[in-house]
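Dear colleague,

Here is the structure for your files. My notes on what was found follow below it.

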Amino acid sequence: MLLEVNNLGKSFGGVKALQGVSFSFAQGQIGALIGPNGAGKTTLFNLLTGVFPPSSGEIHFRKRLLNGMSAVQISALGMARTFQNLQLFTNMSVLENVMVGCHGQTKTGLLGAALRLTSRKEEKHIRKTSLEMLDKVGLMDYADSPADTLPFGQKRLLEIARALAMRPEIILLDEPAAGLNPTESRFLVDLIYRIRSEGATVVLVEHDMETVMELADKIVVLDFGEKIAEGTPVEITRNDRVIEAYLGREVQQPA
Amino acid sequence: MDSSSLMQYILTGLAQGGLYALIGLGFVLIYNVTGIINFVQGEFVMLGAMLAVTYERMGLPLPLVIVFAVVSVALIGAGLEVISIRPARRATPLTLIIITIGLSMAVRGIALLIWGTDPLVIPAFSGGGPIKILGGALMPQQFWILGATAVSVLGLYIFLDLTVMGKAFRACVINKMGASLMGISPRRMSTLAFALGAAVGALGGVVFAPTLASYDMGMALGVKGFVAAVLGGLTSVPGVILSGFIVGIGESFGTAFISSGYKDAISLFILLLVLLVRPQGLFGIYGGKRV
């Protein structure tokens, strides 16, 4: 398994945001994490990417234990992500944002760069790769625009391009379809298939059920910080606990 | 006042302002990445000047004196960050600022032990008399200061805007969490910021060395640079450069109209004025960071 989560828990003070969550995603899968608001999906992403450490349990990625690793170390292992509330480098151009994503592939060390020894060839190569990424998400025409000026949907795509520039093994997308219009959603779905076909594993947190059911090979459902179901889209739609979590229980006899 | 002495005050102010801009630039670079007001900045200037004198006395040619002094101080800056700031990086910015104050005292003390209390003397970089411009006159060394400011700004522009490492540096300024998830280590960038800040400060010290090179010069110059940085909004590179010149010219006119005894008071007066009237500085933006 590419990504394995065992009995993962996270408490903030007395609040248990996640508790005893276990699941795994295989190489080349498109996985989805779903659940009502506040179920702990974004917390889970933050644990996976090392934004903060888990309180209990283990995360294995490419057979390596991630507990205790920093976000920088985890990203170097090949994990990239996008954010629910965009985290673009707002004062930079669209192209520069993507080039920053390539930063990890530069070989020039800190001292070399400080002394201006960065090889021109390397810079050129990074520029070229970054433009390819922009082309992939359809933002080629905006390469030199400030990232701030893009419409919302395209900022989303820019975040994906920036994450792809890291050449990740796995890419975590936090609500990629939120706020997109139907055309943009369509494009996103195609893009995710393309990312998978190029060998990366995709895990998304998503509210838009239509998108999830269409894309995902495997779905993990969270509710109040616990895993309540796991399976294929078909299995999930038939799962009683999932239906209950989303639609509520039928009113029983008042006690 | 006639126009030629007016011109003279402006020119003197510009030359002095170039130095303040360089020192302030160091404050801005380090503040942007780490959130720390680095009070060692003035000592970097002092080290630049003292090392320039030392290397010059070893008989090195001028270009090597400049390069060696700047690189040495950059390494010292990075080293100080690694041994003192990095281990305490989880502390609040206030604690870190106090650490830098302690560091500045330590650096000054060590400089006193190495170089003694007497000011050191080296000849101006290029000979010749004052150069006349529009009725005023500047010493050749003052052109060196303005040149150093120009070179630093250009160098920083090339680094920050045109290299991937520079973009990573800016990314870290704009969004630290986003940057660390892109594999950019804020710790390394913090060290880099100290190295860069030390380097620009040292360059200021080197070109100022023929005017003054003394173990205790850092504090006063550091304060001037700090005033320039605050006036410029603490985060803006163009802001701090312009503010450096404003402080320099303000000081020059204050000397002319009030008294040369108030020279140092004028920049502090500017600082007070800024803090009272426009605490975000001329170019500062609350909540937003810019490089």
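**Cysteines**

Cys102(A) is buried, at 0% relative accessibility. Please keep in mind throughout that this is a predicted model. Cys172(B) is buried too, with a relative accessible area of 1%. A disulfide needs two cysteine sulfur atoms within 2.5 Å, and the count over all chains comes to zero. Cys102(A) takes part in none, the nearest cysteine sulfur being that of Cys172(B), 17 Å away. Seen from the other end, the closest cysteine sulfur to that of Cys172(B) is the one in Cys102(A), and a bond is ruled out because 17 Å is too far.

**The interface between the chains**

On the chain B side 29 residues are in contact with chain A, and on the chain A side 30 residues are in contact with chain B. The area buried between the two chains is about 2,700 Å², and carbon and sulfur atoms give 70% of this. In chain B, the residues that lose the most area to chain A are Val164(B), Leu181(B) and Met182(B), which together make up 28% of what that side buries.

The polar part of the interface is as follows. Five residue pairs are in polar contact across it, both residues of each pair being at pLDDT 80 or more. Four helices of chain B, namely α5 (140-162), α6 (164-174), α7 (176-181) and α8 (186-208), each supply at least two residues of the side that touches chain A. Of that side, α6(B) gives the most, with seven residues.

Two salt bridges are counted between chain B and chain A. In one of them Arg170(B) pairs with Glu96(A), with the closest N and O atoms 3.0 Å apart.

**Other salt bridges**

Over all chains the count is 15 salt bridges. Three of those within chain A are described here.

- Glu132(A) and Lys128(A) form a salt bridge, the closest N and O atoms being 3.8 Å apart. The two are separated by about one helical turn because they are four residues apart in helix α5 (residues 120-136) of chain A. Glu132(A) is partly exposed at 42% relative accessible area, while Lys128(A) is exposed at 52%.
- Glu198(A) forms a salt bridge with Lys136(A), where the closest N and O atoms are 2.5 Å apart. Glu198(A) sits in the loop between α7 (182-197) and β8 (201-205) of chain A and Lys136(A) in helix α5 of chain A, so the pair ties together parts 62 residues apart in sequence. Glu198(A) counts as exposed, at 52% relative accessibility.
- Glu214(A) forms a salt bridge with Arg186(A), the closest N and O atoms being 3.2 Å apart. This pair links distant parts of the chain, 28 residues apart: Glu214(A) is in helix α8 (residues 209-215) of chain A and Arg186(A) in helix α7 of chain A. Both residues count as partly exposed, Glu214(A) at 36% relative accessibility and Arg186(A) at 42%.

Salt bridges that share partners also join Glu96(A), Asp161(B), Lys167(B) and Arg170(B) into one network.

Strands β1 (residues 3-12) and β2 (residues 15-25) of chain A run antiparallel and are joined by seven bridges. Val5(A) stands opposite Phe23(A) in β2(A). The two strands form a hairpin with two residues between them, and Gly13(A) in the turn has a positive phi of about 60°.

Asn97(A) is in helix α3 (residues 94-101) of chain A and is buried, with a relative accessible area of 0%. Leaving aside residues up to four places away in sequence, Asn97(A) touches Leu88(A), Phe89(A), Met92(A), Ala147(A), Leu158(A) and Arg162(A).

Regards

Definitions and conventions: Residues numbered from 1 in each chain as written. Chains lettered and ligands numbered in written order. Predicted model: local features only at pLDDT ≥ 70, side-chain atom pairs only at ≥ 80, totals over all residues. Heavy atoms only, no water. Buried < 20%, exposed > 50% of the residue type's maximum accessible area, 1.4 Å probe, protein only. Pairing = 2+ DSSP bridges. Contact = heavy atoms within 4.5 Å. Buried area = accessible area lost by both parts, 1.4 Å probe. Salt bridge = Lys/Arg side-chain N within 4 Å of Asp/Glu carboxyl O. Polar contact = N/O pair within 3.5 Å; in protein donor to acceptor, adjacent residues only side chain to side chain.
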